[in-house]
Structure formats: C-alpha cells, structure tokens
There are 2 protein chains.
Amino acid sequence: METRCENCIVRKFNSLRAMNKEELKQVSDAKVSKKFKKGEALFEEGEKLNGVYCVRDGVSKLSKLSANGKDQIVKLATTGEVMGQRAVIVEEPTNLSAVAVNDVEVCFVPKEIILDSMHKNPDFTLEVLRHMAHDLKEADDVIVNMSQKTVKQRVAEAFLYLKNNYGVDEEGFLNLTLSREDIANVVGTATESCIRIISEFKKKGYLKTSGKRIIITNEKELQDLVKGF
Amino acid sequence: METRCENCIVRKFNSLRAMNKEELKQVSDAKVSKKFKKGEALFEEGEKLNGVYCVRDGVSKLSKLSANGKDQIVKLATTGEVMGQRAVIVEEPTNLSAVAVNDVEVCFVPKEIILDSMHKNPDFTLEVLRHMAHDLKEADDVIVNMSQKTVKQRVAEAFLYLKNNYGVDEEGFLNLTLSREDIANVVGTATESCIRIISEFKKKGYLKTSGKRIIITNEKELQDLVKGF
DNA sequence: AACAAAACCTGACAAATATCATGTTTCCTT
DNA sequence: AAGGAAACATGATATTTGTCAGGTTTTGTT
C-alpha cells in the first residue's frame, strides 16, 4: 500500500493537491494512518482536534446532536475528503462528530503542518478556501431543502444522492448502505416516518430491497417527486 | 463621510482588515459606493457577480428561491459584512439573492482586486477563510435547527437572534423590524403560521407589538421554549 | 383626507408528520 | 444452531403545520 503522500491518489481530490513537494514531504513524514471499524467514532462534537483527517477509504457521517437528543447528519465524508478542516482553521472545538459508516481508513495530519502551509502558501490556502466555499453552498442548499421540501421528497432525494455519489454494484444495489435510522437522520425525520416512506416507495415500485440493501427501480419517478410533481 | 477604505471603520469587522496599505489603496481607488432603498435587490440568484459588496450601513436578506416558489432567507447581512464573496471565489454565478431589508449603503469592490490579493497575500486569504469557516458553522447550526426544532421554537429563536444581533431602542423595541413574511422566510414556515405563533406569544405575554414594531417582554420564557421546556 | 395596496390577522379544515405500542425479521454472538 | 439484541415494520392516534378563505388594520400615495 502506498504510504507516501506525494504519490497518494486520494490527494488529487482534496485541497492537498495545491501543496508543493516540500510541504507534501512534511505531511507525509508527520501523518499517522488510522483505522476505524464500522460504528466507531473518529472524533466527537466539542472535542479539540489536533489535526485533520484525510479519508483514504470508507465513509463517515458528520453529525451534530440536537437539543432533543437526535443526531442530525450534516454531511457524508468519502474517500478524498478532508474532515476537521473547519475546526483546525478557526482553532475551536469541532462542532460535529464523525462516525464510521463502514470500515474507514484515514491519514491523520497534525494541525501545525496545515496551519504552517496556510501561512506560507497562498495557493494552498486558496484551494482550501474553494473547498469550503463549495461546502457552504451545499449547506445553503440543504437549508432550503429542509425547510421547503416534504419528508417524502427529502427521502427520495437521499436515495438519488446515494446512487449518484456512491453508485451501484453489478446487481444494481446501492454501494453505500445506510440504516433506516441513518437515512432518517440525514433527512431530518423520525425513523418510523422514514421506514413508512420506504415501504410506500416499495409498494409503488420505485425501490426494491433485499435485507437492508436497496435497488432504485424507478429513478425517474423519484426525480419527479423531488421536483414536486 | 469617510470615503477612503484605509480609514473605514466598517472594514475592521471583515476580512479586509488583513489587507496591507497598498492593497487597501487599490480597493479604495476601484470601489464604487452604491445605495439601495428598502426592498430593492442588490443582486439576484444566478447572476454573475463582478465583485463583492461590503456593507457600510443597513441590512440585507440573502435568500434562495425554492422549487415551490417560496424564498428561504439563509442569512441577514449587516454593517461590516461582505456579500458575494463565495461566488467570486469559486467564480460561479451566485446561489443567493440579496435584497435590502431597510435602506442600504454598500461599497462595491471589483473581483479582480479581491482575487489578486488572494493570490498574493496569504494573510488576507486566511482571514477570508476564517470568515467562511464561521459562516459554514452557522449554516450547520441552521440545518440542525430546521430539522429538529418546531416552528414555534424557531420563531422564538428568531426574535432572540434579532435582539442579540441588532439590539433594542430606548423603548425596548427591536431595532431591526422584519415583516411577518420575512420572519416566516427566515424560519422556513408559512406566513400564516408565523403570524399565529406571534399572536400566541403576545397572548402569553412574551411579546408586545405596536404596529410592526416588537418588544420582547419575557426573554426567559422564549429561551426556555427554544431549549425545549 | 381618500383611496388603494399591502400587510396583518383569524377561523375552519386538510394534510403531513411524530409518537407510542407492538410485532416481525435480520443479524450477531456464542 | 440457539438466543438475544438490534433493526425493521405497521397500526392507531395525537400533534403540528399548511392551505384556503375571509376579514381588519396599517401604510403609502395622490
């Protein structure tokens, strides 16, 4: 397995691609590889992060606990993404928890290296800024969806999102399998409501399930539903 | 009125404070002052922005149109804040519209100057990054509020927000007066529901109104409500 | 001051969603 | 393979919220 950041493909997808050779060498020398099993927490809301987590493999859910005790999943972080950036930049405790959705492998990069590069290399800083600008736009979109779309629309959208971002296997099953509870927490609804809607989608022939694995059988109808038809 | 950016107090509150003398001179020479009356649009969703808007005075609402034709207000931008940054950085059309809530005065700064400084001055870029990181955290909080709190809680929270951020006048009236419709669009609910909740708050003695001006008469109860008591 | 337009308000009702209770299936551990 | 825990599922019901329809008040303009 590749252990030098300079040669890591994952890096191509995140802001580390704007680093120069020396910087990458520093990162490579300081980074620590960590593995987490499905369900384990990488870090918890309120924790001080001593670095960022560059995802090599697997998916993590970034969530925030609400006053009523429910987790709201704000984002799913995948191979190539960097977690914990925000907290490191503003030097505050993180506002989100990260939990492995499946087995996850990350490279932990100490914050000093990141902050140092930011002061010295404007291209890197700008690249981080672009990524954050992108995240902010996505967050705006989520806000609008949450407040203006029905739960049914949001569930439909979640499945389309899973298909578009993680794809399907040979049989057509979604590559990323989330529990009903996780889907409910993405969508911001009660688990029972989420299950009920999935049942309805099955009855209408939009979805098929086998255990917890899911096939989208009528993508068009789901899209129309999201659009409000 | 002060027209040189170097001496502008407003700047102290935004990322322009990280600019050096020369950069500020450039900004100052290139900037154009613009005024907008209450209700006028500074820019519209989908528009290409040729620069950023530094708010000198007044408040604007940043909103996004949803599929069902309702505006969702994502943020209120006040004196000292910079609008349009995100779109300029990623060089995409803006995802938000900006409309003046009261009479607004801004300085328009051409994007070339901003982008140029970002490439040359890492301190400035980092400062912009910090502001964006802050906005992103706030957006995360809004997402959680939207999905996990009731409309009543969100309305209560909106009033507390207005008090904390814009203060009250000598008589105790909130300095920033929003229409019921605007409040509904901040909170993500129907205007009628918003009005009903305000009426309820008045009956319970949490609020008093005079025309569209509002006094919070029982802040504690509103806070408890938000916390879920 | 008169008028129109916009904003505000309320009631009645319908729809969406949460909650509680309970049963079934799946999955993991031994 | 058995047992138990967790996840999934569904019904009954209560609550929340949206919608429509009709008012009243406020505001701005002539």
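Predicted model: local features only at pLDDT ≥ 70, side-chain atom pairs only at ≥ 80, totals over all residues.

Tutor: C107(B) is buried, because its relative accessible area is 7%, and residues under 20% are counted as buried. The structure holds zero disulfides over all chains. A disulfide is a covalent bond between the sulfur atoms of two cysteines. C54(B) takes part in no disulfide, and its nearest cysteine sulfur, which belongs to C107(B), is 5.9 Å away, whereas the cut-off for a disulfide is 2.5 Å. C54(B) is itself buried, with a relative accessible area of 9%. C107(B) is likewise in no disulfide, and the cysteine sulfur nearest to it is that of C5(B), 5.9 Å away.

Turning to the aromatic rings, the count of aromatic pairs over all chains comes to six. One of them joins Y53(A) and F108(A), whose ring centres are 5.2 Å apart and whose planes make an angle of 70°; the pair is classed as edge-to-face because planes over 60 degrees apart are given that name. This pair links distant parts of the chain, since Y53(A) belongs to strand β3 (residues 51-57) of chain A and F108(A) to strand β8 (residues 104-110) of chain A, 55 residues apart. Both partners count as buried, Y53(A) at 6% relative accessibility and F108(A) with a relative accessible area of 12%.

In chain B, the rings of F43(B) and Y53(B) have their centres 5.2 Å apart, but their planes stand at 40°, so this pair is tilted. F43(B) lies in strand β2 (residues 41-43) of chain B and Y53(B) in strand β3 (residues 51-57) of chain B, so the pair ties together parts that are 10 residues apart in sequence. F43(B) is buried, with a relative accessible area of 2%, and Y53(B) is buried as well, with 6%. Back in chain A, ring pairs connect F43(A), Y53(A) and F108(A) into a cluster, which places the edge-to-face pair of Y53(A) and F108(A) within a group of three named rings.

How values were computed
Residues numbered from 1 in each chain as written. Chains lettered and ligands numbered in written order. Heavy atoms only, no water. Phe/Tyr/Trp six-rings, centres within 6.5 Å; stacked < 30°, edge-to-face > 60°. Helix = DSSP H or I, 4+ residues; strand = E, 2+ residues; numbered from the N terminus. Buried < 20%, exposed > 50% of the residue type's maximum accessible area, 1.4 Å probe, protein only.
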